[in-house]
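Please view the sequence and the model first.

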Amino acid sequence: MNKFIIQKEIARLIVLQRIELIDSKMKKIRKVFGRKFFSSFITKYFLNTALIGKKYFDVMEKEFFTLKNFIEIKDKNFLSIGGGVGGLELFINNKVDNSFFCFVEKNYVTKKVKYGWDEKNLEAYNNIELQKKFLLKNGMETSSFKIFDCDKDVLPENKFDVIISLLSLDYHYDFNIYIEYLKKVSHMETKIIFDTIRAEYFSKIFKNVEIIQSQDQTVHKSKRIVCSEFI
Ligand SMILES: C[S@@+](CC[C@H](N)C(=O)[O-])C[C@H]1O[C@@H](n2cnc3c(N)ncnc32)[C@H](O)[C@@H]1O
């Protein structure tokens with residue numbers, strides 16, 4: 001497989017989750033007509049679905065390479081916070097036999113998506129039904145995952161081996177929203193991988209913090225870190 005199979009509705013979600021996937025012409029249109037018009041109209045009529053399926057696959061493969069060395073065969077229980085439709089988790093699922101994924105996500109799309117720091121954590125760009133369709137269509141078994149709506153569902157309380165949140169936790173909203181929950185669901189060796197602009201802060205929270213990638217070219221200038229053992 002070298003691309004994801006997606007339908008238009010899923011492509012529309014993916015470009016909101018990964019705005020880098022749209023080309024410069026689309027970006028200009030978004031700038032001129034505004035974010036609301038872009039997500040409600042432009043993505044409806046002018047997206048090349050197959051191309052987005054391919055580009056999303058390539059970007060997720062690249063993301064997978066940034067963290068694959070931290071995923072061991074013994075890791076079976078994965079928690080994904082704000083994983084979008086879950087392209088990255090499909091790569092992990094292919095690497096690790098008998099893995100199980102819990103996805104914690106929001107189940108709505110904000111009308112006028114803004115991408116900054118979201119103090120109240122109201123910004124969202126997902127649809128759990130479409131996420132489920134995407135995962136099943138691209139090879140994840142029904143028995144290998146469960147999706148939780150973070151605003152409505154009781155979140156899973158088992159211990160996870162790896163917790164991943166790319167471009168979501170502490171990138172768009174405060175890590176502290178989930179800190180008590182993460183303490184509850186992690187064990188001594190749980191690896192928590194996420195993107196942040198304040199990597200130093202986390203050495204007060206975790207015994208081990210390792211920077212695995214630096215994004216200096218983007219507006220956010222974030223670092224991807226792997227943390228373990230809450231202090
Ligand atoms: C920029 S997208 C990144 C998606 C994916 N991680 C990726 O790298 O492609 C941020 C995601 O976080 C989700 N999100 C926002 N607030 C959240 C929360 N409190 N809990 C879980 N997910 C959240 C959004 O719905 C969206 O899918």
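Helix H4 (residues 49-67) has 19 residues and spans 27 Å from its first C-alpha to its last, close to the expected 27 Å, which is 1.5 Å times one less than the number of residues. The model is a predicted one, in which local features need pLDDT of at least 70 and side-chain atom pairs count only at pLDDT 80 or more, while totals for chains, interfaces and linings use all residues. Residues are numbered from 1 along each chain as its sequence is written. Helices (H or I, at least four residues) and strands (E, at least two) are DSSP runs, numbered from the N terminus.

The buried residues of H4 (20 or more other C-beta atoms within 10 Å of their own) include Ile 52, Tyr 56 and Leu 67.

| Partner of H4 | Residues |
|---|---|
| helix H5 | 87-95 |
| strand E5 | 186-196 |

H1 and E6 are also among these partners. Ile 14 touches Leu 21, Ile 52, Tyr 56 and Val 85, not counting residues up to four places away in sequence. Ile 14 is also one of the residues that touch the most other members of the largest nonpolar core, which has 49 residues. Helix H1 (residues 8-17) gives this core its largest share, six residues.

Seven strands form an open sheet of mixed pairing, in the order E3-E2-E1-E4-E5-E7-E6; strands pair if DSSP finds at least two bridges between them. Its edge strands are E3 (145-149) and E6 (206-214). Strand E2 (residues 100-105) runs parallel to E3, joined by five bridges, and Val 104 stands opposite Phe 148 in E3.

How values were computed:
Core = buried A, V, L, I, M, F, W, Y, C linked by C-beta atoms within 7 Å. Buried ≥ 20, exposed ≤ 12 C-beta atoms within 10 Å, placed from the backbone. Contact = placed C-beta atoms within 7 Å.
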